[in-house]
Amino acid sequence: MLTGTGFTTEESKSIIDHPVRRKISMFLILFGAFSLAVIISSISTLLTDDLRLMELSIMGY
């Protein structure tokens with residue numbers, strides 16, 4: 001459910017028909033989408049030239 005792949009119609013029907021499974025699946029689907037956005041954002045931040053790691057590490061002390 002985190003990636004949104006690998007479900008057959010029968011499996012998805014068994015998830016949708018049960019209220020607890022439906023809530024868990026909604027959470028996992030949303031968590032997967034938001035975590036992918038955070039991962040992409042983190043990678044793009046790390047790849048920038050103006051990262052200023054020294055300034056950030058000094059501020060942490």
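Ile39 lies in helix H2, where helices are DSSP runs of H or I with at least four residues, strands are runs of E with at least two, and both are numbered from the N terminus. With a relative accessible area of 49%, Ile39 is partly exposed; buried means under 20% relative accessible area, exposed over 50%, and partly exposed in between, with a 1.4 Å probe and protein chains only. Together with Ile43 and Leu47, Ile39 makes a nonpolar surface patch of about 320 Å². Such patches are made of residues with over 30% relative accessible area and no salt bridge; nonpolar side chains (Val, Leu, Ile, Met, Phe, Trp, Tyr) are joined within 5 Å, like charges within 9 Å.

The model is predicted: local features need pLDDT of at least 70, side-chain atom pairs count only at pLDDT 80 or more, and totals for chains, interfaces and linings use all residues. Residues are numbered from 1 along each chain as its sequence is written, and side-chain values use heavy atoms, with hydrogens and water left out.

The chain contains three helices and zero strands, and its pattern along the sequence reads α-α-α. Of its 61 residues, 5% are buried. The accessible surface of the chain is about 5600 Å², and 70% of that surface belongs to carbon and sulfur atoms; these areas come from the Shrake-Rupley method with a 1.4 Å probe, and for residues only the protein chains shown count as cover.

Helix H2 also carries the one aromatic pair of the structure. Phe27 and Phe31 form this pair, which is stacked, at 5.9 Å centre to centre and 20 degrees between the planes. Rings of Phe, Tyr and Trp (its six-membered ring) pair if their centres lie within 6.5 Å; planes under 30 degrees apart count as stacked, over 60 as edge-to-face and the rest as tilted. Because Phe27 and Phe31 are four residues apart in helix H2 (residues 19–46), about one helical turn separates them. Phe27 is exposed at 54% relative accessible area, whereas Phe31 is partly exposed at 45%.

Met26 is another residue of helix H2, and it is partly exposed at 49% relative accessibility. Between Met26 and Ile16 there are 9.9 Å in space, C-alpha to C-alpha, and the two are ten residues apart in sequence.

Confidence is expressed as pLDDT, the predictor's confidence in each residue, from 0 to 100. The chain averages 78, and 69% of the residues score at least 70. Among the elements of the chain, H2 has the highest mean pLDDT (85) and helix H3 (residues 53–59) the lowest (68).

Note on methods:
Salt bridge = Lys/Arg side-chain N within 4 Å of Asp/Glu carboxyl O.
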